[in-house]
Amino acid sequence: MHILQLSAKQLNLPTLASSAVPTSMSLVKTFNLPAQPCSVAKHGDVIFTGLYNGKILQCSGKTPVQSVFVDIGSLVSGLHVYNNEIYVLLEQASKVNVYHLTTRQLLRSWKHDSSGRDINKLRVLNNKVIIPNRRLPSLTVYSLQGELIKQITIPSMSTDYKALAVCGDNSVILSDYGANSVSRINVDSDEVIWTSKHVQGPAGVVCYRNSYVMVTNRNTDTRIWILDIHTGEFWSVLCFV
């Protein structure tokens, strides 16, 4: 059995100010996983991890404890916890499933047709489900019930790997490996607010303290590039220690 790792890292700040730029990161804990992780979502002290083999694990505790939340049997390429529900993107099965966070019951499901295997490709924001769509290319926006609201066309979007992060109240951050770009997109107005070409081969994004965007790429080195959340301007690079 392959043992893969999901690591949590802690960022160190130079001051106590909420807008301070992180200066380093250190390992907090490591979860040994039975299969390749493809998506992750944090809810309180629990980390949900979607695996290549179709299982969603719950990981928690100082001494990491794992349990199977649900076994879907299809690669899990997106997870997001929202209003006591967990939204799951199954790209190989071309659908989205929604489960109750406590009872684990399947509440609803709808078709989503988009090719490829990506990471963290589903996010929920202001009662909207947002998923990058390689085929069009666009961001597909659904209601929480699965009704199609709109397609947000992204002219420079490639058909390669994507990742998505919620950014503030009305926008998302999209990383595009093939286009070597990270963009902030307003989901209400469909405006591309900024696009950064600083990171080559971006593969993962997250927003930090509503001030910075943290980006990783597909290289073997563990590094995080820090961009300004408002402008996309490059600030610094963190290396794992």
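In what order do the 4 strands of the open sheet stand?

The model described here is predicted. Its open sheet has the strand order E15-E16-E17-E18, and the pairing is antiparallel. Strand E15 (162–167) and strand E18 (192–196) are at the edges; each has a single partner strand, so one side of each lacks a neighbour in the sheet. From one strand to the next, the twist averages 15°. Strands of a sheet pair through backbone hydrogen bonds, in either a parallel or an antiparallel way.

Strand E17 (residues 181–186) runs antiparallel to E18, and 4 bridges join the two. Arg 184 stands opposite Trp 194 in E18, while Ile 185 has Val 192 as its bridge partner. The hairpin has 5 residues between the strands, and Asp 190 takes a positive phi near 70°.

## Aromatic pairs

The whole structure contains 5 aromatic pairs. One of them joins Phe 48 and Phe 69: the ring centres are 5.5 Å apart and the planes lie at 85°, so this pair is edge-to-face. Phe 48 belongs to strand E4 (residues 46–51) and Phe 69 to strand E6 (residues 65–71), 21 residues apart. Both residues are buried. Together with Tyr 99, Phe 48 and Phe 69 form one aromatic cluster.

Tyr 212 and Trp 235 also form an edge-to-face pair, with 5.9 Å centre to centre and 85° between the planes. Tyr 212 is in strand E20 (residues 212–217) and Trp 235 in strand E22 (residues 234–239), so the pair ties together parts 23 residues apart in sequence. Tyr 212, at 6% relative accessibility, counts as buried, whereas Trp 235, at 43%, counts as partly exposed.

## A charge over a ring

The charged end of Arg 134 sits over the ring of Tyr 161, 5.6 Å from the ring's centre.

Technical notes:
Residues are numbered from 1 along each chain as its sequence is written. This is a predicted model: local features need pLDDT of at least 70, side-chain atom pairs count only at pLDDT 80 or more; totals for chains, interfaces and linings use all residues. Side-chain values use heavy atoms; hydrogens and water are left out. Two strands pair if DSSP finds at least two bridges between them. Axes are lines fitted to C-alpha atoms, for helices over the stretch in contact, and angles run from 0 to 180 degrees between N-to-C directions. Rings of Phe, Tyr and Trp (its six-membered ring) pair if their centres lie within 6.5 Å; planes under 30 degrees apart count as stacked, over 60 as edge-to-face and the rest as tilted. Buried means under 20% relative accessible area, exposed over 50%, partly exposed in between (1.4 Å probe, protein chains only). A charge sits over a ring if NZ of Lys or CZ of Arg is within 6 Å of the ring centre and within 35 degrees of the ring normal.
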